[in-house]
Amino acid sequence: MSNARKLADNLPTEGSLYGRNMIVNGSMNVAQRSTSVTGLGANATGYYTVDRWQIETGGSNSGRFTMSQSSDAPSGFGNSLKLDCTTADTSIAAGEYLLLEYHIEGQDLQRIKKGTSDAEEVTISFYVKANAAFNFVLEFYDNDNNRTCSKLFPTTTSWNRVELTYPADTTGAFGDDNASSVRLFFWIHAGSTYTGGTLNSSAFNTQSSANRAPGISSFYSSTNNELYITGVQMEVGPQSTPFEHEPVGVTLSKCQRYFQKYNYSNDLSSVTSANTLPVNCCYNSTVAYGGSKLQQEMRTSPTFSASAANTWVFYTEGASHVVSEMTAYETGPFMWGMKFVTSGSWSAGNALYGRPSSTSSYYQFDAEL
Amino acid sequence: MNITNARYSINQDGNVSIIYCNIDGVHHAIPLAVGNRHYDEIMRQVDEGSLTIEEAD
């Protein structure tokens with residue numbers, strides 16, 4: 001094959017070379033929350049480890065698993081997302097399911113031109129590996145119009161790249177806003193409610209539960225089961241192109257549109273070090289307020305949460321203070337207003353300096369979809 | 001998402017600015033912003049009658 005042919009085969013058929021991947025953190029390099037969480041499975045819908053990748057569970061799952069960021073990855077990648085079954089569930093109730101999923105804002109999907117006569121095909125590619133041969137489904141769900149298309153894919157015990165092309169859909173446009181318009185569902189375990197029909201794989205149709213995941217294996221079939229995924233790319237057109245690698249700082253910045261976490265760290269050079277809080281001012285004898293910009297403009301006003309109030313210590317007038325409340329009194333996409341309530345008293349008008357008092361100290365902002 | 005002890009809180013101007021609650025046992029401060037997934041879930045539970053938000057102190 002000529003070099004010109006190789007080059008042509010690796011160029012996208014639509015759109016630009018840069019920024020063609022609509023997935024943030026497809027290489028699983030950023031994991032702000034944690035690198036490993038065990039015991040997931042029961043009522044476990046949420047974000048746990050690798051940024052932007054959500055677990056969704058439903059029904060009465062008795063299976064359990066560990067979710068982690070793994071260094072087991074195909075050539076050219078440093079990380080993958082790993083799911084490791086720790087408790088099997090071979091008695092599958094009709095309504096139970098386990099999904100790995102990813103949500104995308106509508107304003108980042110306009111290039112697909114969905115719902116118009118110019119609608120484009122979309123190709124999703126990723127690397128996958130398991131402990132055995134399984135079949136799982138990747139469902140492309142249009143959350144704005146309740147339309148969906150599902151594709152079956154196999155796993156082997158080696159890293160393989162899967163390439164799935166979804167048809168153009170001239171029905172139902174995506175909202176041009178910051179709400180969740182596409183949800184990618186990796187179906188890895190489900191009961192007959194979701195597997196009892198015929199796989200809806202050739203065209204987008206109104207979602208029908210029974211047609212979402214027929215033919216899938218069960219990740220919960222054995223505690224031997226492991227599933228690794230990385231290099232997820234979603235691009236316009238019928239052809240997959242090589243994964244669009246980017247500097248980790250770029251990926252982190254993109255992730256921080258949705259989530260920002262600041263941990264206690266002995267490494268003050270760490271971008272997420274929370275070894276100091278912004279300076280505050282004592283408003284009266286018990287309450288202090290302050291304000292600070294966020295690291296990155298977030299998708300919407302974020303939810304604030306933090307480690308317990310007693311994992312922080314504050315200093316003013318040459319004395320330290322334990323607080324009974326460490327929280328936000330308001331948040332916006334660009335900033336947060338902080339509020340601290342002392343267990344004792346301090347003097348109004350004085351500056352207040354705060355820092356963590358525990359290695360478990362953290363505060364975080366969540367604007368995920 | 002197990003949400004408990006939800007109550008409104010006011011800012012220095014006396015305006016309701018945020019909802020304090022526990023989610024799975026951890027304190028959260030949730031802005032009154034449609035599209036914030038925690039706020040949307042709180043309102044869903046309020047609408048279905050399974051959650052009540054206490055007034056601000």
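Let's start in chain B, where the side chains of Glu48(B) and Arg44(B) come together in a salt bridge, 3.1 Å from N to O. A salt bridge here is a side-chain nitrogen of Lys or Arg within 4 Å of a carboxyl oxygen of Asp or Glu. Side chains of opposite charge can pair when their charged atoms come close. Arg44(B) is partly exposed, at 42% relative accessible area; buried means under 20%, exposed over 50%, and partly exposed in between (1.4 Å probe, protein chains only).

Before going on, a word on what you're looking at. This is a predicted model, in which local features need pLDDT of at least 70 and side-chain atom pairs count only at pLDDT 80 or more, while totals for chains, interfaces and linings use all residues. Residues are numbered from 1 along each chain as its sequence is written, chains are lettered from A in the order in which they are written, and side-chain values use heavy atoms, leaving out hydrogens and water.

Now look at where the two chains meet. Chain A brings 22 residues to the contact and chain B brings 19, with contact meaning heavy atoms within 4.5 Å. About 1500 Å² is buried between them, and carbon and sulfur atoms give 44% of that; buried area is the accessible area (1.4 Å probe) that two parts lose on being put together, summed over both. One salt bridge crosses this interface: Asp366(A) meets Arg37(B), 2.6 Å from N to O. On the chain A side, β17 (303-306), β20 (323-331) and β23 (362-366) each give two or more residues, and β20(A) gives the most, with seven. Strands are DSSP runs (E, at least two residues) and helices are H or I runs of at least four, numbered from the N terminus.

β17(A) runs antiparallel to β3 (residues 26-31) of chain B, joined by two bridges; strands pair if DSSP finds at least two bridges between them. Ser305(A) has His28(B) as its bridge partner in β3(B).

In chain A, Arg20(A) pairs with Glu235(A), their closest N and O atoms 3.6 Å apart. This pair links distant parts of the chain, 215 residues apart: Arg20(A) sits in the loop between α1 (3-9) and β1 (36-40), and Glu235(A) in β13 (residues 226-236). Both Arg20(A) and Glu235(A) are buried.
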